[in-house]
Amino acid sequence: MADQCLFDFLHMEIVSHVYKEQQSNKEQVDSKDGALCISVLESLGFRVGQGLIERMTRDSPSFKDELDIMKFICKDFWTKVFRRQVDNLRTNHQGTYVLQDNKFSLLTPLSSGKQYLDQAPKYLAFSCGVVRGALCNLGLESVVTAEVSIMPSCKFQVVIQKLS
């Protein structure tokens with residue numbers, strides 16, 4: 001229980017630090033600088049995801065296909081990182097997956113209403129990076145985005161990039 005709180009506080013402080021650092025370099029964070037902050041957070045998450053998946057799959061057999069990898073991400077990886085499984089996984093069988101978490105752990109402390117809905121993207125950038133980094137280390141180049149319509153529910157869209 002204590003480690004859950006520590007991770008939540010660390011995540012909030014990382015987000016806060018990145019935005020304060022950018023703000024101290026400029027007078028005000030505009031939309032372009034906000035995108036830079038989100039990019040920095042996503043990059044941090046990417047590296048964390050690579051390291052975590054490396055440790056988790058060290059002694060596991062290789063996956064047979066893309067869907068197997070996504071199932072592993074939704075069950076085992078999500079449980080290890082976010083303390084619960086994904087509530088719903090959908091796919092169009094053409095490389096697009098939607099992972100729905102109805103009670104996303106990193107949004108739960110913020111609000112359960114629409115009060116902080118506009119702040120959600122900056123708290124999801126790190127998580128998108130974590131998922132993208134994990135998938136990259138498993139051999140899948142992807143684009144991961146997240147959207148929130150009602151907090152703390154969140155949908156992550158994963159689009160696997162087909163290599164030509």
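Predicted model: local features only at pLDDT ≥ 70, side-chain atom pairs only at ≥ 80, totals over all residues.
1. Aromatic pairs. The structure holds six aromatic pairs. One of them joins Trp78 and Phe104, whose rings are 6.2 Å apart centre to centre with 50° between the planes, a tilted arrangement. Because Trp78 belongs to helix H3 while Phe104 sits in the loop between strand E2 (96-101) and H4, this pair ties together parts that are 26 residues apart in sequence.

2. A second pair at Phe104. The rings of Phe82 and Phe104 have centres 4.9 Å apart and planes at 55°, so this pair is tilted. The pair links distant parts of the chain, with Phe82 in helix H3 and Phe104 in the loop between E2 and H4, 22 residues apart.

3. Trp78 counts as buried at 0% relative accessibility, Phe104 is buried with a relative accessible area of 0%, and Phe82 counts as buried at 2%. Ring pairs join Trp78, Phe82 and Phe104 with Phe156 into a cluster.

4. The largest pocket. About 190 Å³ of space lies in the largest pocket, and the elements that contribute two or more residues to its lining are H1, helix H2 (31-56), H3 and helix H4 (120-137). H1 gives the most, with four residues. Phe82, described above as a member of the ring cluster, is also one of the lining residues of this pocket, which include Phe7, Leu10, His11, Ile14, Lys80 and Phe126. By class, the lining divides into nine nonpolar residues, one polar and one charged.

5. The cavity. A search of the whole structure finds one cavity of 30 Å³ or more, and the largest cavity has a volume of about 30 Å³. Its lining consists of Asp8, His11, Met12, Leu106, Pro109 and Tyr123, with the largest share, three residues, coming from helix H1 (residues 2-25). Four of the lining residues are nonpolar, one is polar and one is charged.

6. Glu66. This residue lies in helix H3 (residues 66-82), and because its relative accessibility is 18%, under the 20% limit, Glu66 counts as buried. The side chain of Glu66 makes a polar contact of 3.1 Å with the side chain of Lys162. Leaving aside residues up to four places away in sequence, Glu66 touches Gly95, Tyr97, Leu140, Ile160 and Lys162.

Conventions:
Residues numbered from 1 in each chain as written. Heavy atoms only, no water. 1 Å grid on protein atoms, 1.4 Å probe; cavity = no way out; pocket = protein on both sides within 12 Å on 5 of 7 lines; lining within 4 Å. Points joined across faces, edges and corners; volume = space filled by probe spheres on them. Nonpolar A, V, L, I, M, F, W, Y, C, P; charged D, E, K, R; others polar. Buried < 20%, exposed > 50% of the residue type's maximum accessible area, 1.4 Å probe, protein only. Polar contact = N/O pair within 3.5 Å; in protein donor to acceptor, adjacent residues only side chain to side chain. Contact = heavy atoms within 4.5 Å. Phe/Tyr/Trp six-rings, centres within 6.5 Å; stacked < 30°, edge-to-face > 60°.
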